Amino acid sequence: MKSSRMPSRLTALTLGLGLASGVLGAAVPASAQTATTPSAPAGTSVARYAGSVQEAANNKAFFGAVLKSVAEKRAAQPNARAVTVYYNASQAPSFRSQIASAAAIWNSTQFNVKLQPASSGADFSYREGNDPEGSYAATNGHGDGYVFLDYTQTRQNDSVRVATHETGHVLGLLDDYSGPCSELMSGGGPGPSCTNHYPNATERAKVDQQWATQLAQNSDSRGTWAH
């Protein structure tokens, strides 16, 4: 995904699934998002899936923003056995089902972190709309983190995979566009025929280990997290 962003979001750090929409499509409800074997938009290059150093840095920045938001809540519950990350999906009503599925998938594979919906005080939010760069996760570096789900991209690709992949960034995973379909964070690299919704064993273990570290740091510092 190209590192440049539209003028309205020049301050946002962005990262995406790796399949930018070549042509903006009409907004469609999530229930209508289906695709058979769509072809790649004209001009799309596999190089778009290669990622970049900046994209990896943006990934880490988003994860850091989530940790910062979670830290205050954790300070009030220092002995909790798992970190709870709260999300608000009210700004992505067309994708309620996909977001719920993404959260359920991650919750079923993790011991040290859990995702839970919240109407207020969320650690990050989901948004929806049209964007020529497709779906992505972003933060402005000041605690405003969100996952953006693009209508065209989720119509051309498996929408639950898109939502679960982008949520993987929230939990600290980086993109690996050269990976196989069985690797969730390969994103759009394997092509639109890939419908795998689940992180593989390596991805699951990495997320659990990262959040286990955060639990330990929280306990050792009596509520103050290192970033």
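A disulfide is a pair of cysteine sulfur atoms within 2.5 Å. This is a predicted model: local features need pLDDT of at least 70, side-chain atom pairs count only at pLDDT 80 or more, and totals for chains, interfaces and linings use all residues. Residues are numbered from 1 along each chain as its sequence is written, and side-chain values use heavy atoms, with hydrogens and water left out.

**View 1. A disulfide joins Cys181 to Cys194.** A search of the whole structure finds 1 disulfide. The S to S distance between Cys181 and Cys194 is 2.1 Å. Their link is right-handed, with 85 degrees about the S-S bond. Both cysteines lie in the loop between α4 and α5 (201–220), so the pair ties together parts that are 13 residues apart in sequence.

**View 2. Cover at the two cysteines.** Buried means under 20% relative accessible area, exposed over 50%, and partly exposed in between (1.4 Å probe, protein chains only). Cys181 is partly exposed, at 27%. Cys194 is buried, at 4%.

**View 3. Helix α4 covers residues 159–170.** Helices (H or I, at least four residues) are DSSP runs, numbered from the N terminus. The expected span of a helix is 1.5 Å times one less than its number of residues. Of its 12 residues, 12 are buried. Among them are Arg161, His165, Glu166 and His169.

View 4. Asp158 caps the N-terminal end: a side-chain oxygen lies 3.2 Å from the backbone nitrogen of Val160. Just after α4, Gly172 takes a positive phi of about 110 degrees.

Definitions and conventions
Helix = DSSP H or I, 4+ residues; strand = E, 2+ residues; numbered from the N terminus. Polar contact = N/O pair within 3.5 Å; in protein donor to acceptor, adjacent residues only side chain to side chain.
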